[in-house]
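Q: I am new to this structure and would like to learn how to read it. Could you take me through a few features, beginning with the general idea each time?

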Amino acid sequence: MLLTLIVWEAVVSTQSTGYKSFKAVESTRGDDDTQWLTYWIVYSTFNIMEYFTDLLLFWIPMYNLLKCCFLLWCMWPVENNGSTIVYMKLLRPFLLKNESKIDAKLNKVTGQVNKYVADAQREASTFANSDAGQLLAGTAAVAAQNASKQIDDAMTEPKDKEI
């Protein structure tokens, strides 16, 4: 039963809603975009909270069933589903109140990440131009050619099949 709930949570709460989000983005209506963006805000917040409280939640009897019921309530196709209620009553007020603080932290983190990426690009470029990098690139090119040939051979059926 536990494995079934875990698989259900993984498939339905992410893949099914991911596909519904795709359909919402591709539709001309705007209300379905809001519905699925709201779901993903609630889902991501729930996942973050669950990550930090997992050792405690593990001890709650039937936690996985409760989690599945909560996620089902959040994605239920009605106007005021769980996502709408959780977002409007809890998350929206918190996010609006702390928006400037969150933006400042995100800008700081983004700046640091950009610096690390630039450093990594510089180091990768230096390595790529070195003798070892050139050797590795050549080896990778040969391996890619061999893999491509093997895939082509596997995908091509022989003309004369002997039975």
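A: Gladly! Let us begin with salt bridges: a salt bridge is a side-chain nitrogen of Lys or Arg within 4 Å of a carboxyl oxygen of Asp or Glu. Keep in mind that this is a predicted model. Here the side chains of Lys115 and Asp119 make such a pair, at 3.3 Å from N to O.

Q: Where do Lys115 and Asp119 lie?

A: An α-helix has 3.6 residues a turn, so residues three or four places apart point the same way. Lys115 and Asp119 are both in helix α4, 4 residues apart, or about one turn of the helix. Asp119 is partly exposed, at 23% relative accessibility. The pair also belongs to a salt-bridge network that links Lys115, Asp119 and Arg122.

Q: How many salt bridges does the structure hold?

A: There are 4. One of them joins Lys149 to Asp153, with the closest N and O atoms 3.0 Å apart. Both residues sit in helix α5 (residues 131-155), again 4 residues apart. Lys149 counts as exposed at 52% relative accessibility, while Asp153, at 46%, is partly exposed.

Q: Which residue does Lys67 form a salt bridge with?

A: Its partner is Glu50, and their closest N and O atoms are 2.9 Å apart. Lys67 belongs to helix α3 and Glu50 to helix α2, so this pair ties together parts 17 residues apart in sequence. Lys67 is buried, with a relative accessible area of 9%, and Glu50 is buried too, at 11%.

Q: Where does α4 bend?

A: α4 (residues 82-129) has 48 residues, yet its end C-alpha atoms are only 54 Å apart, whereas a straight helix would reach 70 Å. The helix bends by about 65° at Asn98. Asn98 is also among the buried residues of α4, together with Gly82, Ser83, Val86 and Leu91. These buried residues pack against α2 (31-57) and α3 (63-75). At the N-terminal end, Asn81 caps α4, with a side-chain oxygen 3.2 Å from the backbone nitrogen of Ser83.

Definitions and conventions
Residues numbered from 1 in each chain as written. Predicted model: local features only at pLDDT ≥ 70, side-chain atom pairs only at ≥ 80, totals over all residues. Heavy atoms only, no water. Helix = DSSP H or I, 4+ residues; strand = E, 2+ residues; numbered from the N terminus. Expected span 1.5 Å × (residues − 1). Bend = angle between axes of the 7 residues up to and from the residue. Buried < 20%, exposed > 50% of the residue type's maximum accessible area, 1.4 Å probe, protein only. Contact = heavy atoms within 4.5 Å. Polar contact = N/O pair within 3.5 Å; in protein donor to acceptor, adjacent residues only side chain to side chain.
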